[in-house]
Amino acid sequence: MTMGRYVLVGYDGSEESEHALRWGVEEARLRELPLEVVHAWRWPYPIDYIDYEGSATLKRVGQHLLDHGVELALRAEPTVPVSKHLMNGPAHVALNHACRDAELAVVGSHGRGELSLGSTALRLPARSTCPVVVVRNAAARNGLVVAGVDGSPGGEAALAFAFRQAALRGWSLLAVHGCWEPSAVPEADLALFSEQEKLLRMCETRLKRAVEPWRIRYPEVQAATSVPMLPPREALFEAADDADLIVVGNRGMGGFDPLLLGATSGALLQHAPCAVAIVQPEADHDR
């Protein structure tokens with residue numbers, strides 16, 4: 001996995017972005033990286049209607065919000081170096097640009113204006129070149145990372161990220177493969193849907209093989225596997241009830257459009273009760 005130079009946090013002054021800021025500070029501390037706090041301000045009217053005084057006021061407000069975010073970050077963890085970056089334009093575009101040198105980006109699940117779910121929290125993970133964590137609440141509940149594994153490159157990247165995350169935070173890990181859906185298995189195995197027990201054994205074996213190299217690399221992580229006879233989305237939502245973080249690829253086995261999230265990833269971002277990390281396979285980093 002490509003290593004970046006800092007942990008990036010999008011901050012807009014909302015309660016959700018403060019949760020993201022606390023999560024990002026902890027990530028920076030654990031990864032021994034600096035933190036960069038970014039705020040994107042934007043002139044909300046058409047380009048042909050320019051009010052220079054109004055524009056200057058919006059920029060100053062953005063700068064004050066950004067300064068406040070930096071202050072909160074330093075207060076939370078004085079040992080983490082913090083920088084700031086005020087950008088102009090749609091937040092998902094600005095943050096995507098800033099992600100190019102980041103190891104990880106963190107945003108709130110909802111926010112003000114451009115940092116609300118449905119804009120940044122949905123668009124950034126689809127386009128970012130680094131993993132994106134969308135945070136609902138920074139407080140840990142059970143110390144559990146859930147990784148969605150489906151045999152796709154995104155699923156493999158999610159497993160790698162989830163194991164490192166569990167090792168950094170001292171959490172346990174559950175690798176989940178919901179196999180009861182034709183798109184969740186290779187085409188050659190579709191005939192097995194008439195033999196449920198055989199399909200289950202095969203999927204369990206594949207998941208354990210996928211997990212084993214990461215168990216060896218991170219022996220300190222308590223890892224388990226689960227292959228429920230459910231569609232992938234239902235299996236992950238069920239596992240998310242006990243999780244602090246659920247990690248999935250940006251697109252699964254059925255993903256086609258490189259600028260869109262897969263259906264499962266998008267649904268988790270909107271409805272999961274915990275933080276969600278969207279991870280891109282290495283091939284996506286060159287987009």
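1. A quick definition before the notes: a salt bridge here is a side-chain nitrogen of Lys or Arg within 4 Å of a carboxyl oxygen of Asp or Glu. Glu 27 and Arg 169 make one, with their closest N and O atoms 3.1 Å apart. That pair ties together distant parts of the chain, since Glu 27 sits in helix α1 and Arg 169 in helix α5 (residues 153–169), 142 residues apart. Bear in mind that this is a predicted model.

2. Buried or exposed, where do Glu 27 and Arg 169 fall? Both are buried. Glu 27 has 0% relative accessibility, so it counts as buried, and Arg 31 is buried too, at 9%.

3. For another pair, look at Asp 67 and Lys 84, whose closest N and O atoms are 2.6 Å apart in a salt bridge. This one links helix α2 (residues 52–76), which holds Asp 67, to strand β3 (residues 82–88), which holds Lys 84. Asp 67 is partly exposed at 30% relative accessible area, and Lys 84 is partly exposed at 46%.

4. Salt bridges with shared partners join Glu 27, Arg 31, Glu 103, Arg 164 and Arg 169 into one network. The structure has 9 salt bridges.

5. Last, helix packing: the axes of α3 (residues 91–98) and α4 (residues 120–127) come within 9 Å and cross at roughly 35 degrees. The crossing is right-handed. Contact residues include Leu 95 of α3 and Leu 124 of α4, and the set divides into 3 nonpolar, 3 polar and 2 charged.

Notes. Residues are numbered from 1 along each chain as its sequence is written. This is a predicted model: local features need pLDDT of at least 70, side-chain atom pairs count only at pLDDT 80 or more; totals for chains, interfaces and linings use all residues. Side-chain values use heavy atoms; hydrogens and water are left out. Axes are lines fitted to C-alpha atoms, for helices over the stretch in contact, and angles run from 0 to 180 degrees between N-to-C directions. Helices (H or I, at least four residues) and strands (E, at least two) are DSSP runs, numbered from the N terminus. A crossing is left-handed if the near helix is turned anticlockwise from the far one by less than a right angle, and right-handed if clockwise. Contact means heavy atoms within 4.5 Å. Ala, Val, Leu, Ile, Met, Phe, Trp, Tyr, Cys and Pro count as nonpolar, Asp, Glu, Lys and Arg as charged, and the others, Gly among them, as polar. Buried means under 20% relative accessible area, exposed over 50%, partly exposed in between (1.4 Å probe, protein chains only).
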